[in-house]
Amino acid sequence: MADQDIKRAVQDIECPVFEQPAFTTPPPLEEATVAIVTSASLHHPDQDDFAPKDTTYRVLDASRRDYLVGHWSPNFDTAGVAADLNVVFPLDRLDELAAQGRIGKVADQHLAFAGNQFDLAQIRMDGGPAGAAFLKEQGVDVVLLTPV
Amino acid sequence: MATVALGSIRQQMIGTAPPRGLACDFPLGRPIGKPNDAEFQHKVLAHAFSMLKRTEPGVEDFPESIPDEGTEMLVCPLPPRHDPDAHPAVDEARGLRVAYDRAIEKYGNRVGAGRAISADDVPSAIESFIRISEGTPWKEAQVPGVPARVAQDIRGYYETAALAIVDHTPAAWAGLRWFRDATQTGKVIRAAQQAMKDADVRRDLWLFLLPMDSMQD
């Protein structure tokens with residue numbers, strides 16, 4: 001079985017439909033504060049690991065590079081992120097873009113959720129809005145979502 | 001806040017209809033595409049951020065795919081037998097410890113041991129799966145945690161150790177195929193998974209020991 005086969009096996013899982021996506025026009029990227037929200041279940045070693053049906057998030061400190069992948073699913077390649085954090089969580093790339101003036105600022109804090117979700121209601125009504133409010137309080141203008 | 005979502009499974013991205021979505025046909029677990037390739041990663045980010053100029057919701061396709069044919073396996077030497085009294089899988093895991101420590105020093109620990117068991121505990125955790133594969137009921141096999149989580153730490157221990165042995169970043173899934181199909185411990189985990197299935201153990205307790213394509217039938 002190949003990567004494409006695993007994708008085919010899950011691609012028809014019914015997705016929630018949002019009739020009115022929250023489409024927002026950000027400030028120019030050169031002035032924007034950019035954060036990453038990943039579903040790779042990343043967490044710092046001193047934070048709680050993700051539980052099997054965890055709908056909460058972890059706040060990731062952009063000044064650190066010690067991250068564990070707390071994902072419960074075995075259905076993804078792990079060697080890539082073992083060799084290079086940026087293939088999941090491109091903090092170094094954002095730092096380079098900020099140094100070049102192509103983005104205004106890299107947020108000081110980013111978020112990680114667990115990608116293996118079972119009950120979307122909780123994350124839609126609780127963890128998701130709480131994470132968005134947290135980022136908004138940090139002055140984040142643009143969020144890059146990276147899936148695992 | 002404006003969002004740009006990267007997506008590895010195009011049909012799901014179309015289904016969820018995010019405000020701005022970039023469908024990237026990259027292997028699962030590598031949403032930015034290529035590890036240790038800053039130029040490629042910047043191309044992905046440049047495309048994603050260019051979508052901030054859109055004036056209406058939409059999904060775009062990143063023009064390059066990274067296909068996986070399902071056959072590439074990492075070529076990585078394994079330690080020779082050292083302790084004839086130890087099970088081959090346990091002996092093998094002990095023999096990889098120096099490489100594991102070297103990899104942790106170079107890359108940090110992101111997927112290696114540490115979530116359910118420490119690196120020191122890997123050999124004894126493998127022994128628990130040996131017991132299951134030999135017929136011991138899993139609840140009596142002394143697995144030091146949730147079986148799937150322990151198995152993930154063992155897989156991570158091996159794939160992390162391999163990084164210090166080979167001289168390149170493995171292609172997607174190549175490290176997993178090496179662990180699962182070429183190592184003694186991979187064979188033990190597969191056998192334990194089969195034994196749990198055959199014993200009618202609850203499905204979720206054995207299904208996640210390895211990726212979904214690992215069962216023979």
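Helices and strands here are DSSP runs, with strands at least two residues long and numbered from the N terminus. Keep in mind that you're looking at a predicted model.

With that in hand, go to chain A and pick the loop between β1 (33–38) and β2 (42–43), where A:Ser41 sits. Its phi is near 60°, a positive value even though the residue isn't glycine. Buried or exposed? A:Ser41 counts as buried, because 24 C-beta neighbours fall inside 10 Å and the cut-off for buried is 20 or more.

Now hop to chain B for another positive phi: B:Gln142, no glycine either, comes in at about 60°. Look for B:Gln142 in the loop between α5 (122–133) and α6. B:Gln142 is partly exposed, with 13 other C-beta atoms within 10 Å.

Next, select A:Val34, B:Val122, B:Ile126 and B:Ile154: they touch the most other members of the largest nonpolar core, which has 103 residues. Colour helix α6 (residues 147–165) of chain B too, as the top contributor with nine residues. Zoom in on A:Val34 and, beyond four places in sequence, you'll find contacts with A:Leu94, A:Ile103, A:Val106, A:Ala107, A:Val142 and A:Leu144.

A:Val142 leads on to the chain contact. Its bridge partner in β1(B) is B:Ala2, and strand β7 (residues 142–146) of chain A runs parallel to β1(B) over four bridges. Select the whole contact and you get 57 residues from chain A and 61 residues from chain B. Colour the chain B side by class: 32 nonpolar, 21 polar and eight charged residues.

How values were computed. Residues numbered from 1 in each chain as written. Chains lettered and ligands numbered in written order. Predicted model: local features only at pLDDT ≥ 70, side-chain atom pairs only at ≥ 80, totals over all residues. Core = buried A, V, L, I, M, F, W, Y, C linked by C-beta atoms within 7 Å. Buried ≥ 20, exposed ≤ 12 C-beta atoms within 10 Å, placed from the backbone. Contact = placed C-beta atoms within 7 Å. Nonpolar A, V, L, I, M, F, W, Y, C, P; charged D, E, K, R; others polar. Pairing = 2+ DSSP bridges.
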